[in-house]
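Please look over the sequence and the structure before reading on.

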Amino acid sequence: MDLDNFKKINDSLGHDVGDLCLQIMPNVFGALTKDGAFTFYRLGGEEFCVLAPNMNQGELRDCLKETQSALAAKLKDHKTLPVFTFSAGVSSFDRASLSDTLREADEKLYEAKRNGRNLVV
């Protein structure tokens, strides 16, 4: 998953604001974590990864959509951050390798971007 239009935030509002956008993401995910159902990682830049070994793809998609709603609600009341969204691609680790799994998730992420952003595919 990654933040939509993040470069635009950095370029127009500055890296300090971009950093604050990145920092709010673990807080939003942490608030939704139920019994350690998933682990949230920053891969680099504005890219993140969620590992959810006890969820199927449908459950994870639902959880990510819930997270999108939680982020929108949090930003609505926030005074210093711009409204931003994220897109995500979901894949299962039943591929030949981790790189195949990440490649599939990345392809789905780009599908979400092509179809308008703020989507979970």
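## Overall dimensions

A compact globule of 121 residues would have a radius of gyration near 14 Å, and the protein chain has 14 Å, so the two agree. The model is predicted. Along the principal axes, the C-alpha atoms of the protein chain fill a box of roughly 45 × 30 × 25 Å.

## Secondary structure and contacts

The protein chain contains 4 helices and 4 strands. Read from the N terminus, the order of these elements is β-α-α-β-β-α-β-α.

Among contacts in the protein chain with a separation of 6 or more, 57% are between residues 24 or more positions apart.

## Burial and surface

Of the 121 residues of the protein chain, 39% count as buried, which here means under 20% relative accessible area. The protein chain exposes about 7100 Å².

## The largest pocket

The volume of the largest pocket is about 600 Å³. It is lined by 26 residues, and those closest to its centre are C49, V50, L51, S91 and A105. By type, the lining of the largest pocket comprises 18 nonpolar, 6 polar and 2 charged residues.

Which elements each supply at least two residues of this lining? They are β3 (47–51), α3 (57–76) and α4 (98–114). The element that gives the most to the lining is α4, with 6 residues.

Technical notes:
Residues numbered from 1 in each chain as written. Predicted model: local features only at pLDDT ≥ 70, side-chain atom pairs only at ≥ 80, totals over all residues. Heavy atoms only, no water. 1 Å grid on protein atoms, 1.4 Å probe; cavity = no way out; pocket = protein on both sides within 12 Å on 5 of 7 lines; lining within 4 Å. Points joined across faces, edges and corners; volume = space filled by probe spheres on them. Nonpolar A, V, L, I, M, F, W, Y, C, P; charged D, E, K, R; others polar. Rg over C-alpha atoms; globule rule 2.2 N^0.38 Å. Buried < 20%, exposed > 50% of the residue type's maximum accessible area, 1.4 Å probe, protein only. Contact = heavy atoms within 4.5 Å. Areas by Shrake-Rupley, 256 points an atom, 1.4 Å probe, with all protein chains shown as cover.
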